[in-house]
Amino acid sequence: EVDWFSLASILFLLMFAPLIVYYFIMSCDQYQCSLTDPLIDLLMGNKHLSDIWNKTPTLTYAAAGIYIVWVAFQVILYVFVPDFCHKFLPGYVGGVQEGAVTPAGVVNKYEINGLQAWIITHVLWFANAYYFHYFSPTIIFDNWIPLLWCANILGYVVSTFAMIKGYFFPTNAKDCKFTGNFFYDYMMGIEFNPRIGNWFDFKLFFNGRPGIVAWTLINLSYAAKQQELYGQVTNSMILVNVLQGIYVLDFFWNEAWYLKTIDICHDHFGWYLGWGDCVWLPYLYTLQGLYLVYHPVQLCTAHAIGILMLGLIGYYIFRMTNHQKDLFRRTNGNCKIWGKKPQYIECSYMSVDGTKYYSKLMTSGFWGWARHFNYTGDLMGSLAYCLTCGFEHILPYFYIVYMTILLTHRCIRDEHRCFSKYGKDWKRYTAAVPYRLIPGVF
Ligand code: NDP
């Protein structure tokens with residue numbers, strides 16, 4: 001059943017999320033990244049909405065061409081180029097991998113080749129920037145708003161297609177979820193793992209590519225724009241490129257692990273993932289770099305080192321916490337966490353067909369400190385990105401505000417789900433590990 005709060009939030013997001021993205025990008029384009037000036041202009045009557053709209057770049061053939069080539073290229077890399085990285089990169093898990101058991105008891109196979117797609121795309125990008133010069137490395141920045149329209153079109157097309165597919169030709173009918181509420185189903189998705197053919201998995205493709213492969217290219221395009229405008233790239237821009245680059249590379253290095261995260265394991269594929277991956281992620285996760293094009297901040301060395309340390313420590317916590325759970329689950333608890341055999345709580349649950357399964361919830365390592373310490377590390381990293389931009393404007397701080405809301409909401413959503421799944425075993429776990437994000441505080 002869909003409660004009123006969820007429905008109200010969904011309607012709000014469906015109506016306003018595209019406007020929020022537009023507002024942020026327009027503020028940079030027309031108001032030097034000030035979030036308040038457009039509002040003041042409108043309230044004081046200095047400008048009408050139509051003035052702002054008329055100044056907004058429209059969809060162009062060039063942008064449509066770039067976007068189609070980009071998405072088609074990522075589809076080709078995803079579907080037609082089997083992974084070869086796992087054959088020569090020690091420790092990297094790629095190639096054909098299995099996902100988690102779905103509620104209907106299905107285990108999907110995935111071709112894990114995101115790292116390869118990322119490497120090929122970036123090698124071509126650098127080859128063009130330094131050797132071929134077919135297009136300018138500032139191409140993304142230069143077409144940023146026209147590309148926004150293309151991303152929106154794809155986001156809506158794919159979400160609508162996913163909904164129709166869920167009704168008429170689902171990949172696995174037993175894993176579909178119908179609430180009877182059109183808006184909820186459109187937003188949160190009907191199908192669990194929609195696919196075309198055996199290998200084109202919507203969730204894995206749209207979550208990782210084109211959005212996350214693009215993330216580092218977008219940042220590189222911003223750095224190139226700084227170079228073009230000011231003759232140099234600031235240390236803050238380098239920090240954003242490096243810290244976010246580590247995060248993106250980590251994602252692709254651990255793409256097989258990603259199959260076990262909430263996005264793939266529990267979320268259905270609807271507008272939230274489809275539109276979110278096409279528009280929200282590439283446009284709002286890259287705001288710091290965009291801001292630094294308009295405000296080239298040069299940090300003092302101490303400030304830069306402080307931010308770098310915060311970002312790296314946050315990354316370390318994020319990665320180690322995720323790694324500890326992954327190792328624990330893969331070995332069924334037969335491993336060492338911080339040099340000792342991990343402690344855990346035994347739990348059981350039923351799948352929809354009534355089969356009983358057993359699982360374990362670890363209470364050692366970072367998982368003994370807090371129930372979602374991986375989110376805490378993620379938040380520290382997110383704060384570091386924002387701090388690179390100084391304190392003149394609030395726009396670059398949107399990311400930490402958004403991530404705090406997203407991850408706190410995710411905590412609550414996940415715990416609600418875990419409680420429904422494990423019942424009293426989950427209660428035993430929360431008694432053993434009482435805090436969610438910050439030990440002793442929350
Ligand atoms: P988690 O990796 O924390 O997975 C939660 C699941 O892990 C639970 O549903 C439960 O699943 C299992 N679990 C919970 N506690 C334990 C335990 N003590 N021992 C063993 N298993 C446990 O969450 P996410 O998938 O949301 O996040 C993965 C990473 O991705 C995080 O680091 C997060 O920060 C990051 N992330 C980043 C986002 C971004 O936009 N940048 C967005 C979302 C996530 P089960 O049913 O199997 O028991």
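How far is an oxygen atom of the ligand from an N or O atom in the side chain of K421? The distance is 2.6 Å.

This is a predicted model, in which local features need pLDDT of at least 70 and side-chain atom pairs count only at pLDDT 80 or more, while totals for chains, interfaces and linings use all residues. Residues are numbered from 1 along each chain as its sequence is written, and side-chain values use heavy atoms, with hydrogens and water left out.

**The ligand**

The ligand is surrounded by 26 residues (each with a heavy atom within 4 Å of it). The closest are I262, D378, D414, K421 and Y422.

| Residue | Distance to a ligand oxygen atom |
|---|---|
| D378 | 2.6 Å |
| R410 | 2.7 Å |
| K421 | 2.6 Å |

**The two domains**

The chain is assigned domain 1 (1-298) and domain 2 (300-441), with bounds that come from an automatic or database domain assignment. Their C-alpha centres lie 23 Å apart. In contact (heavy atoms within 4.5 Å) are 37 residues of domain 1 and 35 residues of domain 2.

Between them the domains bury about 3300 Å², 65% of it on carbon and sulfur atoms. Buried area is the accessible area (1.4 Å probe) that two parts lose on being put together, summed over both. L243, Y247 and W257 supply 19% of the area that domain 1 buries against domain 2, more than any other three residues.

Seven residue pairs are in polar contact between domain 1 and domain 2, both residues at pLDDT 80 or more. On the side of domain 1 that touches domain 2, α12 (235-253) is one of the helices that each supply at least two residues; helices are DSSP runs (H or I, at least four residues), and strands are runs of E (at least two), numbered from the N terminus. The largest share of that side, nine residues, comes from α12.

**Salt bridges**

A salt bridge is a side-chain nitrogen of Lys or Arg within 4 Å of a carboxyl oxygen of Asp or Glu. The structure holds 13 salt bridges, and the count between domain 1 and domain 2 is two. D267 and R413 form a salt bridge through their side chains (3.0 Å, N to O).

K109 and E98 also meet in a salt bridge (3.6 Å, N to O). K109 lies in strand β2 (residues 107-112) and E98 in strand β1 (residues 95-101), so this pair ties together parts that are eleven residues apart in sequence.

Note on methods. Polar contact = N/O pair within 3.5 Å; in protein donor to acceptor, adjacent residues only side chain to side chain.
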